[in-house]
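Look it over, then try each question before you read on.

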Amino acid sequence: STLPGKKRAPFIVIEGLDRSGKTTQTSKLHSRLTENGIDATLVKFPDRTTAIGKMIDSYLRSTSELDDHAIHLLFSANRWELATTIEKLLLAGTAVVCDRYAFSGIAFSASKVDSTGAPLLPFEWCRDPDVGLPAPDLVLFFDITPEKARERGGYGEERYEKEEMQLRVRNFFRRIGEEMDGEAQSAGGTRWISIDAGREREEVEHDVWGLVEPLVTRGVDGPVGKLWT
Ligand code: Z5A
């Protein structure tokens with residue numbers, strides 16, 4: 001660890017809509033931290049490399065069908081698979097930079113509707129399996145309008161990449177963010193910051209670094225929080 005005293009490293013999550021640049025910016029952030037001599041590990045959810053991740057991958061590419069409850073629980077289980085590893089890294093002084101987390105899990109599942117437009121899975125039910133996961137110290141929510149996202153080559157071929165779905169997801173992300181802001185302590189101490197991700201790469205990168213650099217340099221006191229407990 002490069003951190004002073006008994007401090008641990010921070011857990012930083014980048015969340016957001018499709019095509020908002022999460023993957024671009026998490027990998028940029030990871031290399032920048034490393035270049036600056038700061039220990040950091042990059043994590044991405046879904047982690048499609050594990051046994052559970054492979055089931056998620058074939059579901060997303062529509063090569064398999066799964067009950068909506070079952071796929072939701074697999075996404076959550078895919079995070080629990082890495083929970084202990086993440087906690088150990090943080091305590092050992094390695095910052096964790098994560099591309100999507102439990103907030104995507106809720107926002108996407110809660111946005112699923114039946115043919116009449118009625119929700120398929122209640123919001124609270126979607127949140128429950130992720131309660132108690134390692135809580136991020138900082139969530140950067142990458143906000144982008146559907147129009148801007150479309151300019152970036154539009155949505156791809158995967159299951160949830162449809163515009164009406166993305167609009168519902170955006171609203172759920174906002175609701176989650178508002179709730180996190182209001183109850184930062186009960187949510188495990190997470191800070192939620194919205195970033196305008198519709199700008200140039202360099203501008204977004206500048207803002208991300210400005211928020212992350214002080215946190216990684218200072219380190220964090222106390223144990224890793226537990227999400228929504
Ligand atoms: N999902 C779920 O349902 N439940 C869960 O618990 C979790 C996820 C964790 C796959 O996720 C799906 O799983 C996703 C949510 C659901 N569903 N959908 N739809 P994923 O993370 O594997 O998704 P992805 O397809 O790999 O990433 P993405 O969201 O589509 O993209 P991104 O990471 O945000 O963006 P990017 O790859 O960095 O950039 C997109 C393009 O824009 C690319 O060509 C870049 O070069 C370009 N770009 C990036 N930044 C800029 C700027 N600033 N200006 C212009 N162009 C830019």
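Q: Where is W228 found?
A: This is a predicted model: local features need pLDDT of at least 70, side-chain atom pairs count only at pLDDT 80 or more, and totals for chains, interfaces and linings use all residues. Residues are numbered from 1 along each chain as its sequence is written. Helices (H or I, at least four residues) and strands (E, at least two) are DSSP runs, numbered from the N terminus. W228 is found in the segment after α8 (201-218).

Q: Which value is phi of W228 near?
A: W228 is a residue other than glycine, yet its phi is positive. The value is near 60°.

Q: Is W228 buried, exposed or partly exposed?
A: Count C-beta atoms, placed from the backbone, within 10 Å of the residue's own: 20 or more others make it buried, 12 or fewer exposed, and anything in between partly exposed. W228 has 19 other C-beta atoms within 10 Å. Therefore W228 is partly exposed.

Q: Is R100 buried or exposed?
A: R100 is found in the loop between β3 (95-99) and α4. Phi of R100 is near 70°, a positive value in a residue other than glycine. R100 has 23 C-beta neighbours inside 10 Å, so R100 counts as buried.

Q: What is the order of the strands in the open sheet?
A: Strands pair if DSSP finds at least two bridges between them. The edge strands are β2 and β5 (191-196), and each pairs on one side only. The sheet has 5 strands with parallel pairing, in the order β2-β3-β1-β4-β5.

Q: How many bridges join β4 to β5?
A: Strand β1 (residues 11-16) pairs with β3 in the parallel sense over 4 bridges. β1 also pairs with β4 in the parallel sense, over 5 bridges. β4 and β5 run parallel too, and the bridges that join them number 6.

Q: How many of the residues of β1 are buried?
A: In a regular strand the side chains alternate between the two faces of the sheet. F11, V13 and E15 point one way from β1, while I12, I14 and G16 point the other way, and all are buried. The buried count for β1 is 6 of 6.

Q: Which residue in β3 stands opposite F11?
A: I12 stands opposite V97 in β3. F11 stands opposite V96.

Q: Is A95 buried or exposed?
A: The place of A95 is in strand β3. A95 touches A9, P10, I12, L33, I38, D39, A40 and V216, not counting residues up to four places away in sequence; contact is C-beta atoms, placed from the backbone, within 7 Å. A95 has 29 C-beta neighbours inside 10 Å, so A95 counts as buried.

Q: How far apart in space are A95 and T116?
A: In sequence the two are 21 residues apart. In space, C-alpha to C-alpha, the distance is 45 Å.

Q: At about what angle do α2 and α3 pack?
A: I52, G53, M55, I56 and Y59 in α2 meet I71, L74, F75, A77, N78 and E81 in α3. Axes are lines fitted to C-alpha atoms, for helices over the stretch in contact, and angles run from 0 to 180 degrees between N-to-C directions. The axes of α2 (residues 51-60) and α3 (residues 68-91) are 9 Å apart, and the angle is about 140°.

Conventions. Contact = placed C-beta atoms within 7 Å.
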